[in-house]
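Please keep the sequence and the coordinates at hand while reading.

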Amino acid sequence: MIHNNISKSGFFALIFIGLSVFITGCSTKRNTFVTRTFHNTTSRFNGYFYANESVKDAVSRLEKNHKDDFTQILPVYVYPTADEAKGLFPDMDKAIKKLSIVIHRHTITTKSKKEIPGACKWIDDSYLLMGQAHFYKRDFFSGIETFDYVAKTYKTLPTRFKGMMWLIRSYDELGSISQAESMIDLLADEKDLPKEYKAELAGIEAQHFILRENYGGALKPLNIAIA
């Protein structure tokens, strides 16, 4: 009996030690294979996935309820009016809360608490999705702040281009024409812009010209987006 008790005690001690080592190894201040695997997995499935579903459902509902007015020039993208945005608040706020937790718990940093871009591959996606949630709430200033962070922080990741494109959308909605055009020019000259992003950029550029009532300018990017 004594031998069995000692064996059981030793077994539970080993489990405790193992868990302690694992938890310590998954500290956000350690950039190792174990920490990256842990934070990539938990950030994706414990927060980002559900936040993304909330945003997707809200945007899908917005687009489904939208009715085109064929007596007017149609927009390339459907964005909510101030009244429509209020109906999206619950889903967008839920997403922002979940993404904030993901960023807080799973951002891998240096000892000086500076983020290591790309160490946890869902952090940049979380910031980008958070910016989109702010955008659809028509909280454009918070969105711009988030997209600007993405564009400046993740310089070696494709997410940077997405952040820049959402900056164009945000500037356009605010009426900041020069800032939107400056960002369009930067992306148009970007040699590393992934091919799959070019159609989206063309659509955003067309929307930019339509909002400015420069319909002639919208023709070329519209043809690129359609093709």
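A residue is called buried here when its relative accessible area is under 20%, and exposed when that area is over 50%, with partly exposed covering what lies in between. The model to which this is applied is a predicted one.

A pair of aromatic rings is described by the distance of the centres and the angle of the planes. The structure holds 10 aromatic pairs. In one of them, the rings of Phe-135 and Tyr-136 have centres 5.4 Å apart and planes at 80°, so the pair is edge-to-face, and both Phe-135 and Tyr-136 are buried. Tyr-136 also pairs with Trp-166, where the ring centres are 6.1 Å apart and the planes stand at 65°; since angles over 60 degrees count as edge-to-face, this pair is therefore edge-to-face as well. The pair of Tyr-136 and Trp-166 links distant parts of the chain, for Tyr-136 belongs to helix H4 (residues 123-136) and Trp-166 to helix H6, 30 residues apart. Ring pairs join these residues into a cluster made up of Tyr-77, Tyr-79, Phe-135, Tyr-136, Phe-140, Phe-147 and Trp-166.

Charged side chains are also placed over aromatic rings. The charged end of Arg-169 sits over the ring of Trp-166, 4.1 Å from its centre, while the charged end of Lys-137 sits over the ring of Phe-89, at 4.9 Å from the centre of that ring.

How do the axes of helix H6 and helix H8 cross, and at roughly what angle? The axes of H6 (residues 159-174) and H8 (residues 195-211) come within 10 Å and cross at roughly 10°; because angles under 35 degrees count as roughly parallel, H6 is roughly parallel to H8. On the side of H6, the contact is made by Phe-161, Lys-162, Met-165, Ile-168, Arg-169, Asp-172 and Glu-173, and on the side of H8 by Tyr-197, Glu-200, Leu-201, Ile-204, His-208 and Leu-211. These residues divide into 7 nonpolar, 1 polar and 5 charged.

Ser-126 has its place in H4 and, with a relative accessibility of 0%, counts as buried.

The loops deserve a separate look. Arg-138 lies in the loop between H4 and helix H5 (140-153), where its phi is near 65°, a positive value in a residue other than glycine; at 32% relative accessibility, Arg-138 counts as partly exposed. Glu-213, in the loop between H8 and helix H9 (215-226), likewise has a positive phi, near 60°, in a residue other than glycine, and at 59% relative accessibility Glu-213 counts as exposed. Thr-156, in the loop between H5 and H6, is exposed with a relative accessible area of 75%. The C-alpha atom of Thr-156 is separated by 8.6 Å from that of Pro-117, although these residues are 39 residues apart along the chain.

Technical notes. Residues are numbered from 1 along each chain as its sequence is written. This is a predicted model: local features need pLDDT of at least 70, side-chain atom pairs count only at pLDDT 80 or more; totals for chains, interfaces and linings use all residues. Side-chain values use heavy atoms; hydrogens and water are left out. Axes are lines fitted to C-alpha atoms, for helices over the stretch in contact, and angles run from 0 to 180 degrees between N-to-C directions. Helices (H or I, at least four residues) and strands (E, at least two) are DSSP runs, numbered from the N terminus. Angles under 35 degrees count as roughly parallel, over 145 as roughly antiparallel, 65 to 115 as roughly perpendicular and the rest as oblique. Contact means heavy atoms within 4.5 Å. Ala, Val, Leu, Ile, Met, Phe, Trp, Tyr, Cys and Pro count as nonpolar, Asp, Glu, Lys and Arg as charged, and the others, Gly among them, as polar. Rings of Phe, Tyr and Trp (its six-membered ring) pair if their centres lie within 6.5 Å; planes under 30 degrees apart count as stacked, over 60 as edge-to-face and the rest as tilted. Buried means under 20% relative accessible area, exposed over 50%, partly exposed in between (1.4 Å probe, protein chains only). A charge sits over a ring if NZ of Lys or CZ of Arg is within 6 Å of the ring centre and within 35 degrees of the ring normal.
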